[in-house]
Amino acid sequence: MSTCQSNLPNSMTVSLREMRMVFERLLQVTRIESGLVPALRDCAVYSAALGLGGFSRLTATLETISKATPKALSFDGSGDPVIDCGGQHAWLAADAALELAVENMKTGGSGIITVRNAKDIGELKVIEALAQRFGLKATVAVGVDRAAIAVTQVTDPDEIALLDKIRRNGVAVDAATWWELYHRSAEALAPDSYLSRRHAGPIIVEADGKVIGRQDEDETDFSLLLADAPKSAASAKH
Amino acid sequence: MTALRRPAPESDAHRIARLMRSAGEMMAPERLAAIQPSRVSASRALLSQAIRGRWQIQCKRFEIDEKGNGVAEYRIDIGGWRFSFPVYSFEPSPHGRTGRIIGRAWDMMGALVEGDMSWADFETTRTELPKLYEGRATPGTLIWCRSNRSGRFFESARQALASGRQPDVAELAQTCYLMRNTGLDGNGTFGTKTFLAFEKDHPLRWSLAAQMLCAYMMRVFAQDLLQHLVRLGSPQAPDMVKDLRRFLGVGNGSALGLMLFVNNHPRLIERWLFIREEAIARAKAVLPDAEGSEIAKLLALVDKAITFRSQDRAAYENFTRSDVLAEELQTIRRAVADLLQRWQAGNRFEAEPFAELAASLVGRVHAEAMETLHSLLIELVPDEADALVEGLVIDEELTGRPEMPVHRLRDLVRNDYAWAFNLNLEVPAAERYVWYKSVIAEEPRRGLATEVGHDVVNLGLDLPRLVVALDRDLSAVDPNLSTARFLFAHPQHRAIVTRVQALAGTSLHSPHADIMSGSFTPAHITRLLNVGIHGIDKTRDFLDRNLRGVLFHGAPLPEDIASGNADALWFYPAEPSL
């Protein structure tokens, strides 16, 4: 049986899918480059699952990300590898740092990398979860202004079981926090309008009531489609 | 004469691979749209499993008044597993009614829940279900569903039975259902159980099984509701005859959202297309027995398909008419009959007669007729096909390869996505489309970019432009650079690089199309899902973007399944003669 629970008075459990949907939409609203959205979304998921700031500090993180310059990060691999985040949020460096550490380990290196000058540097802890997708263990030691990431082989399957655990149990969250995020994520959805409603459906109803399409199986309440219709609507392609 | 022998032994794996088609032959949208329902389609696979296991479906209570308001509850026993299907029924209302998900009126809502449902959970679900996006499922809930009556046909059947007559088959055959599914949600949505958290021995573990059982239960409920309402007004009214009950499935409406589903489920698409091809290849490799009984079985199935197409009363817009396909199937029938005659006469020229049969028909018959033959061939290897479906437990997590050199990544891009480089991607901005979701019920929509506006988030995966842009940047860096270092400098490519690397080695995951172009027909991909993967019959097309069809058309009734008397070849039902 699922342990995904329905609402308790102040707390609720949300599924992996729900978290991904809401976090992805919230990130889309920041207008960050779309190619970065899935990676940042999963940073948020794991941050929430690990009890970091994924839920509690998400609003501030999104604000930071909305002003981000991902290319401000720089990498020095001439000696011990170091990433300078240039003040960008830690999530923007998380996947890059992990991947460089994995590459380093798989090509005979130590699997260690240092990240410095990241905003909210404690969030680099998400790398410990992200590494599990590679079947690897990552340890993140966070200092005042830098973090050391070490990637190693796994010795116990439980060390890479976080995703399965989230799938089975979901993640607990304060209900008010969740619903606030959920409702805000709707900003990634398009406003409804007469024109927009013509962009879907088996029939199109013109403002004058003329129907485009077959109605042999249709029992549509036209008022659903005609709300805010202009008096002389221009035909739109579908 | 005996069959020719090949000069060298061939492994089973090589033989099957040789008989499978390539991505280039299959992945154009119009080719994917031609795929027909088969034993590996989810609805048919579910029924195969149910028939084998003699699933027990029982109505525990049915407390619905003459207007349609009330509740019902069913119990489903599958081996040692028990499921509940609570139903909340409502009087049909014309207000807020539509087949689109923006509808606000449903005639029934239900859930598929593990185990016996407690009174408290039944009541909680009654409260939470209508909230949909803001509702929360109780523990053990697999699916939430909702459907509407087909008003005209439901009422017509009700009046006929109430007056002591059987319903008019010709009228019902226009759509072949009493109620139509308008939503099936699970896999974590609304707090439902995540599919990949299903236990290893869970009977609904394979992809789409839980949704399909829920759809089958909607069909069961629709027929029970009809009979119940008839009896409330006319206690002496007859039962609907079983042949007609079997003929009626459950309706389904689908639209643009399935294109987004394909984008987000590349492994499901790839695995499903692959197992279908594998099943077809295994069937093509079958060597008939001396009497040619496998050929005779195929001939009988082709005849069944011809009758089915000839009797089809549905109206189509741009999809090929069934009478045309019936004629095309006659060409196939002649070829199969000829093969049977030759085989029984001892004139056995071919080492792989079914492969030769199929090859001889390629290009001679309509693609949908050809895919009908392919689907029917799968019935020659039922056990293998069933086993392939039950292996469809799919994890869509995509993981990249940071250590991969850029030259290898570029090889993947150029080889796996060669089709993208052959498309004309210079579509004028005025003709570009955007895929988006409305704030109203999150309805997926697709409109011209000029109409939608620049602020709307484009949810469509612009795969060809992403890979072409990636290739351009890959070509400009040191080929020996690692992917990790490339992505550090080009973070905007992270999502597409991960996808390319994670799906490398598979080829059937993405339609070969520019879905942002006006020349793309969304209904093609909706049809792949509805017809091929879900197993929906008689899919009618509307405005090239919406489809309506019938699931479980001809499927056994619960009593057939429980008694062990179900027809395993129940599909393509002939119209009942009453």
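This is a predicted model: local features need pLDDT of at least 70, side-chain atom pairs count only at pLDDT 80 or more; totals for chains, interfaces and linings use all residues.
Trainee: Which domains does the assignment give for chain B?
Mentor: The assignment lists domain 1 (42-255), domain 2 (274-395) and domain 3 (406-502).

Trainee: What distance separates the centres of domain 2 and domain 3 of chain B?
Mentor: Taken over C-alpha atoms, the centres of these two domains of chain B are 38 Å apart.

Trainee: Turning to the sheet, how many strands form it, and in what order?
Mentor: The open sheet of chain B has 9 strands, ordered β1-β2-β3-β4-β5-β6-β7-β11-β10, with mixed pairing.

Trainee: Which are the edge strands?
Mentor: They are β1 (56-64) and β10 (537-542) of chain B, each of which pairs on one side only. On average, neighbouring strands of this sheet are turned by 25 degrees against each other, direction ignored.

Trainee: In which sense do β4 and β5 of chain B pair?
Mentor: Strand β4 (residues 108-114) and strand β5 (residues 141-149) of chain B are antiparallel, with 6 bridges. Within this part of the sheet, M108(B) has S147(B) in β5(B) as its bridge partner.

Trainee: And how many bridges join β5(B) to β6(B)?
Mentor: There are 7 bridges between β5(B) and β6(B), and the two strands run antiparallel. W144(B) is opposite D185(B) of β6(B).

Trainee: Is strand β6 of chain B mostly covered or mostly uncovered?
Mentor: Strand β6 (residues 177-186) of chain B is mostly covered, with 8 of its 10 residues buried.

Trainee: Which sense of pairing links β6(B) and β7?
Mentor: β6(B) pairs in the parallel sense with strand β7 (residues 249-254) of chain B, over 3 bridges. There, Y177(B) stands opposite G249(B) in β7(B).

Key
Residues are numbered from 1 along each chain as its sequence is written. Chains are lettered from A and ligands numbered from 1 in the order in which they are written. Domain bounds come from an automatic or database domain assignment. Two strands pair if DSSP finds at least two bridges between them. Helices (H or I, at least four residues) and strands (E, at least two) are DSSP runs, numbered from the N terminus. Axes are lines fitted to C-alpha atoms, for helices over the stretch in contact, and angles run from 0 to 180 degrees between N-to-C directions. A residue is buried if 20 or more other C-beta atoms lie within 10 Å of its own, exposed if 12 or fewer, and partly exposed in between; C-beta atoms are placed from the backbone.
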